[in-house]
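This briefing covers nonpolar cores and a chain-to-chain interface. Keep the structure open while reading.

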Amino acid sequence: MQLTEEELGMLDGKYGKGTQIAMKIQVALGDVFNAERMVPVSRTHVALSNQEADLWFVEKMVNAGAKCRVSPTVNPGFNLEYFQCITKISKKDEETILRTRKAYKDVGATLTFDCTPYLEKNVPRFGEITAYSESSATPFINSVYGARTNRESAQSALCAAITGRTPLYGFLLDENRKGQVLVDVKAKIKDDFDYQLLGYAVPKKLKFKTPVFVNVPTSPSPAALMNLGAQLNTAGNVPMYHIVGVTPEARTVEDAFQGSDPENVITITEEDLEKVHDEITDPGGKIDFALFGCPHFNIDQVAHVSHLVDQKQLKVKLFIMTSSLTKELAHRMGYLDTLQAAGGDIVDDTCMDQPCWEFLYGKKGVTDSPKCAYYTKRRNMQFVIRNVDECIEAAMRGEI
Amino acid sequence: MQLTEEELGMLDGKYGKGTQIAMKIQVALGDVFNAERMVPVSRTHVALSNQEADLWFVEKMVNAGAKCRVSPTVNPGFNLEYFQCITKISKKDEETILRTRKAYKDVGATLTFDCTPYLEKNVPRFGEITAYSESSATPFINSVYGARTNRESAQSALCAAITGRTPLYGFLLDENRKGQVLVDVKAKIKDDFDYQLLGYAVPKKLKFKTPVFVNVPTSPSPAALMNLGAQLNTAGNVPMYHIVGVTPEARTVEDAFQGSDPENVITITEEDLEKVHDEITDPGGKIDFALFGCPHFNIDQVAHVSHLVDQKQLKVKLFIMTSSLTKELAHRMGYLDTLQAAGGDIVDDTCMDQPCWEFLYGKKGVTDSPKCAYYTKRRNMQFVIRNVDECIEAAMRGEI
Amino acid sequence: MTETFACHKVSEGIIEGDILLSSDDLCFYLVDPKTGVVIEKNHSLEGQSIAGKILVFPSGKGSSVVQADGMYQLKMSGKGPKALIIKYPDTVLVASSIIMEMPVVDKVDEQFYQQVKNGDHVLLDATNGHLQIK
Amino acid sequence: MTETFACHKVSEGIIEGDILLSSDDLCFYLVDPKTGVVIEKNHSLEGQSIAGKILVFPSGKGSSVVQADGMYQLKMSGKGPKALIIKYPDTVLVASSIIMEMPVVDKVDEQFYQQVKNGDHVLLDATNGHLQIK
Ligand code: F3S
Ligand code: F3S
């Protein structure tokens, strides 16, 4: 790889050991992916996970003196103070989250603890070169904003934050952003939830290919686009998509394919979505809880749930995960009161895939998020997956 | 104007008196601006101002039963609870802000109280049709994101939020978004502050024309773009600009001008910026305070100030206005402690142009914002305008 | 003789009154709400009262916040104009006049501008889109 | 006879050990950290231990979080592989191996893949980009 003088300085340890390790990793990545050179990044997001490996990596960097040049926003761990009020958190889990917070603070991260930074505090403009890890973030950055990021891991994104550079390869390059397969959506896409199914169904038919959607509604909500990307990337490692007439690099079909022909055309039918739905959901029955916000709900989604439960009583506990800003807004607007009165609550700064949810292990819940169900298999939770309205009805009845 | 059945229903009072008034105003606007029809908006932002007229208008709507279909984010009034701790707030001002909060809550607004919604909670995608009032917002939406909004007033934006429609005219139409004048920037643009001066200098040479900038740095920060738009729109009513190679509708010069020739070419020199700087600033001397965040500072800007005052002592009080999320982040990251230790503070949910600042009337301060100085003339405050670094030095010395 | 001119309704209403002409754009915030007297330096109406007049002017100016506030203060004190005849209305003028129920028109026959003089008595029927100089 | 093959350094180090071949992609999270035994159902290595081996496999799989965690657990228990020879490394494998100081190479001569057998003793010099079957 061709490195600038400053980059060579980083690699030689001129900027300290931490920066040196980060640059070493990035040069190795550049070599692996045949990058010619590095480019500056202007934004980064690290999928903090509060797992031991995550903590180990970031502490290692901090101890080596690393400090981020481009402060990354970070994913949620869990809201210790909240969960200590409602359940028992082990000494070990407490210690881990406190160490995680401290390590990310010390490395110079922006402590957003939110998995939808692209809606809130870390929004790129068209064409900006960035490094985002987090499965729902990468497709949003690439597809919806037309900014550029590879499918980073937490580690590689942290390295980019530290050095302020990323190797130039993959989705940073024009030619790799072109659509590959035309996806003709024959199924009727009625709500944000259908985008979850669509995102899950497409990779069944084409792996690792960039899809170009036609015949979907042309004014999708941010939640719809978030859902689509999150599922595409979780189920199929697809960090970019085009929707003709919606995403900025797909003003027309030709634009999306950069003038080439599609490698393939697939259709997605009503039956495809139903099949996927059956596949991902656990069977119905008595439920113990409802859980939303994987990825974090935005204020419109919170408002929707709040209206549904207004003046009603839930049979099972309902949690909505959000950013702290969304919780604050929900409080100001009265939604939090409404939810709490019905027997629900908003949990901010918290991820689904964290030990704080232990009190729900072995139980069955409803959620609108396939991703949530996917990640919690290893934590032994069962999930019936439905759209939000059906989930709420189920939560009021206690079964589905 | 051609109205849909639903729009006619609104105009006929089918959806209540409040929606009817809003639609009536919008039809009048459509007629005035020769719009053929209405289009749906997917986002709105209302420049709540907490002035009597603002309150009167929104209360009138609330009393007529209006409820927003597209919940708008809103500008800051002032943070009553904060200011009650540090100064005296008159009974009347207290009553007004409480009524303002209530009225906007009742009309169904999202109570962000932030003047940079486009960086935080109300981010459009390319091509989206929206209605934003607030001078720094409109240019950001149009120029940086390539979404579309006219230069709305608080009232017209609120009407759009209520009806979910806006008349189709002006910057919503392709042909009106094309660049008109080529601005060749010969002056060296060194930092975010220079964009303030640039934004102020351009309308001196061309009023109401859409500028296309060339020869400015191609990786401007969000603050730089915000400053540029805020000043263009404050000083010259210019709600859209292009920067070639930066903004999405200006991939090339031809793209920015939509294939036509520029009507005019102007150059901006070092001297132009200096002249503008002399014109807008009050003369130096002893100062009593420093004030930042008009528009609200983002976390990077707060971090910058925090680093500058770290372990130092300010001679005069320093305030940074931010959103509540930015304040929370600054708290988590230790910036707030650093600022407070030096004698500064962060004030969230507050605008410069509010009666809470009465304790500074008749005094002289430093700021980096021409807009701040512009709006506070009527409140009898003097402002020396410098870049942030010079402001901080002055705040440490107590004079400039 | 009474001449009738076509115009276009911005805000409905039928009203009679005396014309006051301004060649300059108008910022209502720079009108003293207690008296209705224009206090803006070097304005063509400086020192004159707009209270109760049918005001003819090219367009508004100043930020939308101060403009709205200026109109509101004048309305509350009762020292505002009776109606507006504007060349280039903007969103504040339109929204404020409708909510204040003040008759406003634009797109008036060019001949009206050639004939109208300060103090002319006018019947303005904004609702039906015409006006008469009496 | 000793054969030498060119390869490309991902993570530096020089190490000797026995080869374990996997035709399937590998998720380290589905390896028991206490024993190093692959527990993934229907995996070509199911039931075998990767502890102390030089592991040859096409690419990683599974989410980056679980992959990183799997590698870390194996490192901590000492039941991880000694080195990796990968066809298609990804960002987690690269970053983790460098920070764990485990030798890793990619872009190995095609001939190596044709000749190498399970249990071959290999000297891997990642630092200088070559490896020998002894
Ligand atoms: S980071 Fe967010 S997307 Fe789900 S798995 Fe955790 S809540
Ligand atoms: S709304 Fe914001 S931009 Fe300045 S005038 Fe008030 S602080």
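Contact here means heavy atoms within 4.5 Å. On that basis, 36 residues of chain B and 36 residues of chain A take part in the contact between these chains. The model is predicted.

**Interface of chains B and A: area**
- Chain B and chain A bury about 2900 Å² between them. Carbon and sulfur atoms account for 55% of that area.
- Three residues, B:Lys121, B:Arg125 and B:Arg332, supply 25% of the area that chain B buries against chain A.

**Interface of chains B and A: polar links**
- There are 4 salt bridges between chain B and chain A.
- B:Asp349 and A:Arg332 meet through their side chains in a salt bridge, at 2.8 Å from N to O.
- Between chain B and chain A, 10 residue pairs are in polar contact, with both residues at pLDDT 80 or more.

**The chain B side of the interface**
- Helix 9 (222-236) and helix 13 (324-332) of chain B each supply at least two residues to the side that touches chain A.
- Helix 13 of chain B gives the most to this side, with 6 residues.
- The residues on this side of chain B divide into 18 nonpolar, 9 polar and 9 charged.

**Nonpolar cores**
- The largest nonpolar core has 171 residues. Those with the most contacts inside this core are A:Met61, B:Met61, B:Val107, C:Phe28 and D:Phe28.
- A second, separate core has 120 residues, including A:Tyr145, B:Phe78, B:Val202 and B:Met352.
- Beyond its neighbours within four places in sequence, B:Val107 is in contact with B:Val58, B:Val62, B:Ala66, B:Lys67, B:Cys68, B:Leu158 and B:Ile162.

Definitions and conventions
Residues numbered from 1 in each chain as written. Chains lettered and ligands numbered in written order. Predicted model: local features only at pLDDT ≥ 70, side-chain atom pairs only at ≥ 80, totals over all residues. Heavy atoms only, no water. Core = buried A, V, L, I, M, F, W, Y, C linked by side-chain atoms within 4.5 Å. Buried < 20%, exposed > 50% of the residue type's maximum accessible area, 1.4 Å probe, protein only. Buried area = accessible area lost by both parts, 1.4 Å probe. Polar contact = N/O pair within 3.5 Å; in protein donor to acceptor, adjacent residues only side chain to side chain. Helix = DSSP H or I, 4+ residues; strand = E, 2+ residues; numbered from the N terminus. Nonpolar A, V, L, I, M, F, W, Y, C, P; charged D, E, K, R; others polar.
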